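Work through the exercises below with the sequence and the model at hand.

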Amino acid sequence: WGCKYWATRDLRDLNYRYQSHAANYDLAPRVKDKISFIHPSENRMVHGFFTEICPTLLDDHPHWNHLFWRHPCPDMEWQRYEEETNIDFPAHGLPNLTALLRDIGFSHIYDLHSNNVGFMDDGRFVCIDFGQMTLKDEA
């Protein structure tokens, strides 16, 4: 488990709510307790929560990075990359992750790139950054 943190409680609470919602559908890492603390290197109060850690695509596969900056990534691009790299993408890759997030109420899904998505130990492809998204009941 690791800790994600923000400058304000409101931002922390918003991201906690969004990630918790997505985690209920296995589309994000699980979250645990909220915390507030003085960050040792920043010497200021920050507000965070504990979350499962998963490697991002950039962590594991730097040569894929440019593929994920376009949104949405066409299925043809995924197929071409699978053929060129001989690597199988997860059954629900980035295009499907975007659709699944929409299905559970998210909109404004414009920031899914290689640092904002990752793989869980069980192979699930998940979103790890909900910063620009909104949920239908808040739009």
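The model is predicted: local features require pLDDT of at least 70 and side-chain atom pairs pLDDT 80 or more, while totals for chains, interfaces and linings use all residues. Residues are numbered from 1 along each chain as its sequence is written, and side-chain values use heavy atoms, without hydrogens and water.

**Exercise 1. Strand pairing**

Determine which strands pair with strand 3, and by how many bridges.

Solution. Step 1: helices (H or I, at least four residues) and strands (E, at least two) are DSSP runs numbered from the N terminus, and two strands pair if DSSP finds at least two bridges between them.

Step 1: strand 1 (residues 2-6) runs antiparallel to strand 3 and is joined to it by five bridges. Within this pairing, Tyr-5 has Gly-48 of strand 3 as its bridge partner.

Step 2: strand 2 (residues 31-39) is also antiparallel to strand 3, with seven bridges; here Ser-36 is partnered by His-47. Strands 2 and 3 form a hairpin with four residues between them, and Asn-43 in the turn has a positive phi of about 50 degrees.

**Exercise 2. Aromatic rings**

Find the aromatic pairs, and classify the geometry of Tyr-16 with Phe-49 and of Phe-119 with Phe-125.

Solution. Step 1: rings of Phe, Tyr and Trp (its six-membered ring) pair if their centres lie within 6.5 Å; planes under 30 degrees apart are stacked, over 60 edge-to-face, and the rest tilted.

Step 1: Because Tyr-16 belongs to helix 1 (residues 9-23) and Phe-49 to strand 3 (residues 44-51), the pair ties together parts 33 residues apart in sequence.

Step 2: Tyr-16 is partly exposed at 21%, whereas Phe-49 is buried at 0%.

Step 3: Phe-119 and Phe-125 have ring centres 5.2 Å apart and planes at 40 degrees, so they are tilted. Both of these residues are buried.

Step 4: Trp-6, Tyr-16 and Phe-49 make up one aromatic cluster. A charge sits over a ring if NZ of Lys or CZ of Arg is within 6 Å of the ring centre and within 35 degrees of the ring normal. The charged end of Lys-34 is placed over the ring of Tyr-16, 4.8 Å from its centre, and Lys-32 lies over the face of Trp-1, 4.5 Å from the ring centre.

**Exercise 3. The largest nonpolar core**

Identify the residues of the largest nonpolar core that touch the most other members.

Solution. Step 1: a nonpolar core is a set of buried Ala, Val, Leu, Ile, Met, Phe, Trp, Tyr and Cys residues joined through side-chain atoms within 4.5 Å.

Step 1: among its 18 residues, those touching the most other members are Ala-22, Leu-97, Leu-101, Phe-106, Leu-112, Phe-130 and Met-133. Helix 1, helix 4 (94-103), strand 5 (117-119) and strand 6 (125-127) each give two or more residues; helix 1 provides the largest share, three residues.

**Exercise 4. Cysteines**

Solution. Step 1: a disulfide is a pair of cysteine sulfur atoms within 2.5 Å, and the whole structure contains zero disulfides.

Step 1: Cys-54 is buried at 9% relative accessibility, and Cys-127 is buried at 0%.

Notes: Buried means under 20% relative accessible area, exposed over 50%, partly exposed in between (1.4 Å probe, protein chains only).
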